[in-house]
Amino acid sequence: MTFIDLIIRSFFSPKVVLDYVVKMKLNWQIVMEAVLFVCITNTLLTHTFNSFVFSASQNQDNLFNPYIDLVLNKPFVLAIIEVTKLFFIAILLTYGGRLFSGSGSFLDILKGVVWIHFILIFINIGLFVVIQLNIALASYLVLLINFWIMWVLSECAVRTHGFKSTFRVFVVGILLLIFVLALFIQLLNVLGFNFLERVGSSA
């Protein structure tokens, strides 16, 4: 498979592509270079796209102000968050899979996660174009994209850990994600952020 074939087939046959990617003989240096490339590119795109949507001078107090400030004014911090997020997903897939007797290695999982985020670069470019044309359609696409992300991450876990059912991994992954998010929100509340209260006041 050529590089272009891998990109195109990632949208229609992610199982085949991920099976190919995780079996590639890549050392840590190459994988880390790919991590940095993907994270820096996604950071630049996020900063550029959101600059068209949000004004850096917004002073209205709302739930999204910390996000807006981060994206528009602190791209370096945003890049660090991107790297952290990517490794967090890889760790979650690696050790979450091992809880169910999976045999996948962290490096193989990381290769799959990096590739998925590489494909997301093209998806985000397309989504930005759609947002400019039809915001309502874009909102539906965001839901579909999130579903696709969860599904291909499940495929990644299946390819690396040797599981048989992508659907089961998908369901377990959703439940695990909900659990982790609940812990994260609880941590924010303990730190005094009062996330749920701010959501209610912004509604």
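User: What should I know before starting?

Analyst: The model is predicted, so local features need pLDDT of at least 70, side-chain atom pairs count only at pLDDT 80 or more, and totals for chains, interfaces and linings use all residues. Residues are numbered from 1 along each chain as its sequence is written, and side-chain values use heavy atoms, leaving out hydrogens and water.

User: How many helices and strands are in the protein chain?

Analyst: Helices (H or I, at least four residues) and strands (E, at least two) are DSSP runs, numbered from the N terminus. Here there are nine helices and zero strands.

User: At what angle do α1 and α2 pack?

Analyst: Axes are lines fitted to C-alpha atoms, for helices over the stretch in contact; angles run from 0 to 180 degrees between N-to-C directions. Helix α1 (residues 3-12) and helix α2 (residues 14-22) pack at about 135 degrees, with axes 6 Å apart.

User: Which residues of α1 and α2 meet?

Analyst: Contact means heavy atoms within 4.5 Å. From α1 come Leu6, Arg9, Ser10, Phe11 and Phe12; from α2, Pro14, Val16, Val17 and Tyr20.

User: What share of the protein chain is buried?

Analyst: Buried means under 20% relative accessible area (1.4 Å probe, protein chains only). Buried residues make up 38% of the 203 residues.

User: Which helix gives the most to the lining of the second largest pocket?

Analyst: Helix α3 gives the most, with five residues.

Terms used
Buried means under 20% relative accessible area, exposed over 50%, partly exposed in between (1.4 Å probe, protein chains only).
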